[in-house]
Amino acid sequence: MAEIRRLTGRLAWRIGEVVETRPAAPRTRSLYLEVPGWEGHKAGQHVDVRLTAEDGYQAQRSYSIASAPEEGRIELVVEHLDDGEVSPYLTDELRTEDKLELRGPIGGWFAWEAREGGPLFLVAGGSGIAPLMAMIRHRAAAGSDAACRLLYSSRSREDTIFAGELDRLTASDGSLEVVYTLTRSQPSGWTGYARRIDDEMLAEVAPTPEQRPLVFVCGPTPLVESVATSLVGLGHDAGRIKTERFGLTGG
Amino acid sequence: MDERRLDGNAVGGLLVEVFAFEATTAEGACDRCGAVAHVGEQMAYVTEIGTVVRCASCDNALIRIAQNPRGYFLDLRGISYLRFEGAP
Amino acid sequence: MSAGFFSRGFRGRRRQTDDRLPPGQYLVDGFPVLSAGPTPRTPLETWDFSIVGEVDEPKRWTWEELRALPSEEVTRDIHCVTKWSKLGTRWEGVSVDTLLEGVETAAEYVTAFCDGGYTTNLPLEDVTGGRAWIAFSFDGAPLEPEHGGPARLLVPHLYFWKSAKWVRGLRLLTRDEPGFWESLGYHNYGDPWREQRYWGD
């Protein structure tokens with residue numbers, strides 16, 4: 001066993017400034033941060049955010065970066081969790097010009113760069129869309145023509161974060177496809193999927209194993225594990241599936 | 001299946017405090033079953049009392065980290081070796 | 001990072017203190033789950049509980065045999081080293097005194113061992129004299145797996161990491177062997193009233 005010194009350096013804690021906030025869904029907010037000295041990130045990585053109360057009490061959570069590396073400022077997507085300690089502060093209290101302490105980018109494992117190519121199969125549950133949106137945006141900014149398909153599960157159309165942007169991107173890019181499944185309520189006339197992701201849906205939506213897609217799955221732990229297990233069952237190479245579990249709820 | 005468990009990726013920040021560089025892409029060999037996998041794809045159990053990274057194949061505790069006012073406590077006894085790809 | 005930095009307007013969860021609590025603890029509403037590994041799912045047909053180590057004859061009970069032993073209802077306060085406490089928690093279990101009846105030993109220590117490999121160490125006298133139980137029921141219902149079911153060790157006078165979840169037995173020893181958290185910076189004994197959270201406390 002070893003006792004380790006604290007480090008300084010580019011992965012030390014630093015202070016960013018909130019330059020904009022925007023509602024992303026009924027109980028979800030996007031935060032845009034300028035972080036002096038930010039050296040960039042890879043699509044898929046996250047930051048650790050640390051809050052400190054005046055009495056010194058601290059709480060820390062991780063949030064995926066939703067913005068592409070090509071953008072200057074970083075975007076975090078935060079869903080308000082009712083019994084949360086950190087998320088209500090970030091969605092309800094934090095405002096522009098406030099400072100936020102963070103550390104990152106972290107997580108070289110769950111990341112994609114355009115030069116890796118595709119095809120890409122992305123599966124998102126709820127706020128698990130955040131790191132996958134970074135990949136989709138990076139793909140567009142880099143001018144990649146790697147085929148990319150996103151299967152996105154959310155409770156309703158209103159809860160579908162980035163829906164507008166995804167619709168615009170798919171309209172102008174034939175090699176990007178998005179399949180939505182709305183699990184709790186659907187708009188009238190909805191002809192799409194209306195249930196949780198299951199084996200049958202994946203068999204219909206996922207690329208074939210022969211296409212050897214790079215797969216990224218992100219969302220609540222039960223969804224991620226179920227999807228990863230199903231894909232392996234459908235014949236996909238487990239070594240080409242990367243997962244980011246958010247635990248009990250969206251992160 | 002455990003609803004609370006995370007990927008080793010989630011402990012990337014804590015491992016930076018301990019290792020000086022990105023550890024989630026490091027490859028580790030489980031000393032119980034021999035499986036070799038990246039830290040980022042192992043199973044992570046993160047709580048206020050401590051963090052345990054377990055082998056995704058056999059659940060052996062690979063890395064245990066506790067943090068308290070005395071400092072960081074790190075136990076790597078479950079790992080035969082860790083291979084890092086170089087400075088980030 | 002920066003000394004003196006704080007997040008404007010952040011207060012954290014309101015921490016409700018109480019005179020009945022040990023130092024540094026606060027009351028919590030729910031029952032937090034802190035697990036160092038996956039929740040074991042041992043079927044009751046194969047489950048057993050053993051007393052091994054420094055004993056003339058190891059003892060073993062199947063689930064039915066354990067449940068046939070006299071049990072008691074126990075209401076106690078519990079205190080986690082991560083600072084949450086719950087007052088008046090209700091349990092039902094078999095007293096460790098009952099399980100140690102007739103056991104002859106020179107041992108002064110025990111290590112509780114569990115499904116999943118978790119261990120914790122205690123002085124033998126801290127699990128006897130009516131201070132410890134193998135608990136199979138919480139709040140009037142069977143103990144849930146995420147809280148240590150089918151049975152956990154219950155030693156409420158010490159920090160709750162000593163109340164080992166998914167317990168499968170006690171090993172009696174003549175030498176103290178620090179367990180899972182005790183070997184990673186947590187106090188070897190863990191008395192909440194003396195705030196013995198970490199080494200050196």
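The radius of gyration is taken over C-alpha atoms, and the globule rule is 2.2 Å times the number of residues to the power 0.38. The legends below describe views of a predicted model.

**View 1. Chain C as a whole.** For the 201 residues of chain C, the rule for a compact globule gives a radius of gyration near 17 Å; chain C has 18 Å, which agrees. Along the principal axes, the C-alpha atoms of chain C fill a box of roughly 60 × 35 × 30 Å. Of the 201 residues in chain C, 37% are buried.

**View 2. Elements and contacts within chain C.** Chain C holds 11 strands and 2 helices. Read from the N terminus, their order is β-β-β-α-β-β-α-β-β-β-β-β-β. Taking the contacts in chain C between residues at least 6 apart in sequence, 63% join residues at least 24 apart.

**View 3. The two domains of chain A.** Chain A is divided into domain 1, residues 14-106, and domain 2, residues 114-245. Their C-alpha centres lie 24 Å apart. Where the two domains of chain A touch, domain 1 supplies 16 residues and domain 2 supplies 13 residues. On the domain 1 side of this contact, strand 1 (14-25) and strand 5 (74-79) of chain A are the elements that give two or more residues. The residues on that side of domain 1 comprise 9 nonpolar, 5 polar and 2 charged.

**View 4. The contact between chain A and chain B.** Here 23 residues of chain A are in contact with 25 residues of chain B. On the chain A side, two or more residues come from each of strand 6 (99-106), helix 5 (221-233) and strand 11 (241-245). By class, the residues that chain A brings to chain B are 10 nonpolar, 6 polar and 7 charged.

**View 5. The contact between chain B and chain C.** Chain B contributes 19 residues to this contact and chain C contributes 18 residues. At least two residues of the chain B side come from each of strand 5 (51-54), strand 6 (61-68) and strand 7 (71-75) of chain B. Strand 6 of chain B gives the most to this side, with 4 residues. The side of chain B that touches chain C divides into 9 charged, 7 nonpolar and 3 polar residues.

Terms used:
Residues numbered from 1 in each chain as written. Chains lettered and ligands numbered in written order. Predicted model: local features only at pLDDT ≥ 70, side-chain atom pairs only at ≥ 80, totals over all residues. Contact = placed C-beta atoms within 7 Å. Nonpolar A, V, L, I, M, F, W, Y, C, P; charged D, E, K, R; others polar. Domains from an automatic or database assignment. Buried ≥ 20, exposed ≤ 12 C-beta atoms within 10 Å, placed from the backbone.
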